[in-house]
Structure formats: C-alpha cells, structure tokens
Amino acid sequence: MTVESILRIKGTEVTTARPDESIRSIARTLAARRIGAIVISRDGRKVDGILSERDVVRVIAESGDAALDAPVETMMTRTVVTCGRRDRIESVMATMTARRIRHVPVVEDGALAGIISIGDVVKSRLEEVEHEAQSLREYISGY
Ligand code: AMP
C-alpha cells in the first residue's frame with residue numbers, strides 16, 4: 001500500500017494557516033475541524049512549518065495563555081518531515097515512530113499534495129491485515 005492509496009480515499013485537502021496567524025486562532029481551527037495539526041504555509045503550496053495540538057499545550061505550559069496571541073511562526077516546527085505520493089505506508093509508519101510525530105504532509109513537485117495522520121496509517125494497516133486474514137481463510141476452506 002502507498003500514500004497514494006490513502007489519499008484516494010480521504011482526499012488531498014489540507015488545512016493550512018499563514019505564518020502571521022496567531023496560535024490562538026490556529027487552536028480554534030484545530031478544535032473546530034477536529035484535526036491534530038495544521039500546516040503553515042505562506043502561499044498554500046510550499047510547506048513553511050507545522051503546528052500540532054502538542055505545540056499548543058507546550059506553549060500554554062511554558063508561557064501561559066497570553067502567549068497564544070503570538071504569531072504561529074514563532075512556535076511552529078520549521079524542519080518538516082514530509083513524504084511523497086509513491087512512498088509505502090510502512091515507511092511513513094516507521095518515520096512516525098522513529099521521529100515521534102503523528103502527521104506527515106505529502107509533497108509533490110515542491111507543493112503540498114495531502115497529509116497523512118497516524119490514524120490514517122493505523123486504519124490502512126488494519127484493513128490490510130483483515131484482507132490478508134480473509135484471503136487465508138478462503139485459501140484454507142478451499143473457496
Ligand atoms: P504531533 O505528533 O503531530 O502532535 O507532533 C509532535 C511534535 O512534532 C510537534 O512539536 C509538531 O510540531 C512536530 N511535528 C508534527 N508533525 C511533524 C512533521 N511532519 N515534521 C516535523 N515535525 C512535526
């Protein structure tokens with residue numbers, strides 16, 4: 001299975017925000033859209049950074065509520081790990097585990113082309129395992 005196969009089902013839409021948007025406004029978007037991370041981009045194509053709910057919690061813990069009015073570019077992660085459409089899900093899963101990240105934007109020809117979350121990866125792996133089990137059952141029972 002590839003990243004492409006997940007994007008075919010979930011679509012390629014990615015919620016982005018501009019670097020000058022406040023962390024407070026981004027926290028509201030995360031809550032309203034029930035997502036865990038937002039890609040920061042000046043033009044909606046190039047990935048300039050990422051901010052996850054974990055970053056919001058860290059900001060509040062370290063600096064208190066007032067820090068939420070700072071622009072996201074002051075707190076976002078700038079070195080973003082990305083993947084390509086043709087990458088295998090197993091490889092994205094290994095990257096998520098090794099880097100302790102739960103979101104990996106998909107980039108194609110330098111432009112944002114989707115996002116894969118750890119939830120998408122787990123769902124896809126479960127479906128694959130169920131499919132394999134079904135094939136084995138059919139093989140054993142002779143159908
Ligand atoms: P998450 O597991 O997505 O909630 O993110 C945990 C931490 O890793 C946060 O500090 C994020 O800003 C950062 N992070 C999330 N996704 C990525 C990514 N694809 N590349 C680099 N850092 C990331």
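Analyst: Among contacts in the protein with a separation of 6 or more, 56% join residues 24 or more positions apart. Contact here means heavy atoms within 4.5 Å. The model is predicted, so local features need pLDDT of at least 70 and side-chain atom pairs count only at pLDDT 80 or more, while totals for chains, interfaces and linings use all residues. Numbering starts from 1 along each chain as its sequence is written, and side-chain values use heavy atoms, with hydrogens and water left out.

The protein has five helices and five strands. These are DSSP runs numbered from the N terminus: helices are H or I with at least four residues, strands are E with at least two. The order from the N terminus is α-β-α-β-β-α-α-β-β-α. Along the principal axes, the C-alpha atoms fill a box of roughly 65 × 35 × 25 Å. Of the 143 residues, 37% are buried. Buried means under 20% relative accessible area, exposed means over 50%, and partly exposed lies in between, with a 1.4 Å probe and protein chains only.

The largest nonpolar core holds 13 residues. Such a core is a set of buried Ala, Val, Leu, Ile, Met, Phe, Trp, Tyr and Cys residues joined through side-chain atoms within 4.5 Å. The members that touch the most others are Ile23, Ile26, Ile38, Ile40, Leu51, Val56 and Val72. At least two residues of this core come from each of α2 (23-33), β2 (37-40) and α3 (53-63). Helix α2 gives the largest share, three residues. Val56 shows the packing in detail. Beyond its neighbours within four places in sequence, Val56 contacts Ile23, Ala27, Leu30, Leu51 and Leu68. A separate core of 12 residues lies apart from this one, and Val3, Cys83, Val104 and Val121 are among its members. As a general rule, nonpolar side chains tend to be buried together in soluble globular proteins.

Next, helix α4, residues 89-99. Its buried residues include Ile89, Val92 and Met96. These three sit on the same side of α4 because they cover an arc of only 65° around the axis. That arc is taken over the directions from the helix axis to the C-beta atoms. The face turned away from the buried side carries Thr97 and Ala98, both exposed. The buried residues of α4 pack against α1 (3-10), β4 (103-108), β5 (111-117) and α5 (118-141). After α4 comes Arg100, with a positive phi near 55°.

Helix α1 returns the packing. Val3, Ser5, Ile6 and Leu7 are buried in α1. The buried residues of α1 pack against α4, β4, β5 and α5. Just after α1, Gly11 takes a positive phi of about 90°.

Helix α5 brings in a serine, Ser124. Ser124 counts as buried because its relative accessibility is 5%. Not counting residues up to four places away in sequence, Ser124 touches Met1, Ile6 and Ile89.

Then a loop residue. Val47 lies in the loop between β2 and β3 (49-52). Its relative accessibility is 17%, so Val47 counts as buried. Setting aside residues up to four places away in sequence, Val47 touches Val39, Ile40, Val80, Val107 and Leu112. Val47 and Gly110 are 63 residues apart in sequence, yet their C-alpha atoms are 8.4 Å apart in space.

Two other loop residues are exposed. Arg34 is in the loop between α2 and β2. Its relative accessible area is 78%, so Arg34 is exposed. Although not a glycine, Arg34 has a positive phi of about 55°. Asp109 is in the loop between β4 and β5. With a relative accessible area of 78%, Asp109 is exposed. Phi of Asp109 is positive too, near 50°, in a residue other than glycine. Most residues other than glycine have a negative phi.

Last, the surface. The protein exposes about 8,800 Å², and carbon and sulfur atoms supply 52% of that area. Areas come from the Shrake-Rupley method with a 1.4 Å probe, and for residues only the protein chains shown count as cover. The mean positions of the 22 positive and 22 negative charges are 1 Å apart. Lys and Arg count as positive, Asp and Glu as negative; His and the chain ends are not counted. Each charge is placed at NZ of Lys, CZ of Arg, CG of Asp or CD of Glu.
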